[in-house]
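The entries follow the order in which I checked things.

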Amino acid sequence: MGLYTWFRDLGSYQKTSVIIGSCALFCGTGYCVYKLYSRKRKVELYDESPNNGQEHKPAVQKRVLVLGLQGCGKTTFLTALANLGSGAGGNETKPTEGFNVMCVTTNGVHLNIWEIGGGEKVQNYWSKFTADTDLLMYMVDSCDAEHFTEAKEKLNELLKDPCLQNVPLLILASKQDKTGARSISVLQKILDVDGLLDTRCVECFGIQISPLGPELQGIEIVQNSILKFCTET
């Protein structure tokens, strides 16, 4: 009541001054917030790789989708990819139950890499993440012969998605260093890769990652292939 009484007792000229001042303060604050928001929205991503003195240009943004059955090594692979060149391997990781996003800017390309969990419940939501995909990476556990048929069926089901029509495909055969691992040529036959070549570009690589050290195989080759596909699309 004190503020109301104070305002009521003011003269007409004073009341007008208070109202005008309050409106000016409100509008000024609103304008500052708007400018800050607009400026934030206009921030562009720039290539952080060496440019030899050349002017920076906005990085090209590409979306990479990484899928595969649970436990096939997706998270470990992405950790190794992020650590490439640091001498570190893939850290011990737990299977992803939801999704992970990793952003990497290199060679003028900004990669938004989405890894979706491979558990049965999460598989039902894979189709929710396929829109605007520039590259599909599908990982298969080379040692898990019991689930090869399921891996093939899930891949074929994925490739029927209209959002993935003509999208390049990278198939990664993980755990190549483990006992009982099938070779990449054997897995190509199991997955019927030759039958996929009529509808899209497909490349297959075998990879191995030691969670305790820098023993990586195939990671740099895969990185180069990712950049190749993303710059061609």
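Entry 1, helix α3. I took helices as DSSP runs of H or I with at least four residues, numbered from the N terminus. On that basis I placed Thr79 in helix α3, which covers residues 74–82. The model is a predicted one, and I kept that in mind throughout.

Is Thr79 buried or exposed? I read a relative accessibility of 18% for Thr79. Buried means under 20% here, so Thr79 counts as buried.

One of its polar atoms lies 2.9 Å from the backbone oxygen of Thr75. Thr75 is found in helix α3 too. With a relative accessible area of 16%, Thr75 is buried.

I checked the record for Thr75. UniProt, in an unreviewed entry, lists Thr75 and Thr96 under "binding site". I note that such annotations may be inferred rather than shown by experiment.

How many of the residues of α3 are buried? I found 8 of 9, and the helix is mostly covered. The buried ones are Lys74, Thr75, Thr76, Phe77, Leu78, Thr79, Ala80 and Leu81.

I paired rings whose centres lie within 6.5 Å. By this rule I count 3 aromatic pairs. Phe99 and Trp114 make one of them: their ring centres are 5.5 Å apart and their planes meet at 25 degrees, so I call the pair stacked. This pair links distant parts of the chain, 15 residues apart. Phe99 belongs to strand β2 (residues 99–106), and Trp114 belongs to strand β3 (residues 109–116).

I looked up the cover on both rings. Phe99 is partly exposed at a relative accessible area of 44%. Trp114 is also partly exposed, with 22% relative accessibility.

Which ring pairs with Trp114 in a tilted arrangement? I found Phe129, at 6.1 Å centre to centre and with 50 degrees between the planes.

I put the pairs together. Phe99, Trp114 and Phe129 are linked by ring pairs into a cluster.

What sits over the ring of Trp114? I found the charged end of Arg63, 4.9 Å from the ring centre. I noted another case at Phe229: the charged end of Lys228 sits over that ring, 4.9 Å from its centre.

I counted 7 helices and 8 strands in the protein chain. Of its 233 residues, 38% count as buried. I also looked at contacts between residues at least 6 apart in sequence: 69% of them join residues at least 24 apart.

Terms used. Residues are numbered from 1 along each chain as its sequence is written. This is a predicted model: local features need pLDDT of at least 70, side-chain atom pairs count only at pLDDT 80 or more; totals for chains, interfaces and linings use all residues. Side-chain values use heavy atoms; hydrogens and water are left out. Rings of Phe, Tyr and Trp (its six-membered ring) pair if their centres lie within 6.5 Å; planes under 30 degrees apart count as stacked, over 60 as edge-to-face and the rest as tilted. Helices (H or I, at least four residues) and strands (E, at least two) are DSSP runs, numbered from the N terminus. Buried means under 20% relative accessible area, exposed over 50%, partly exposed in between (1.4 Å probe, protein chains only). A charge sits over a ring if NZ of Lys or CZ of Arg is within 6 Å of the ring centre and within 35 degrees of the ring normal. A polar contact is a pair of N or O atoms within 3.5 Å; within protein, one must be able to donate a hydrogen and the other to accept it, and residues adjacent in sequence count only if both atoms are side-chain atoms. Contact means heavy atoms within 4.5 Å.
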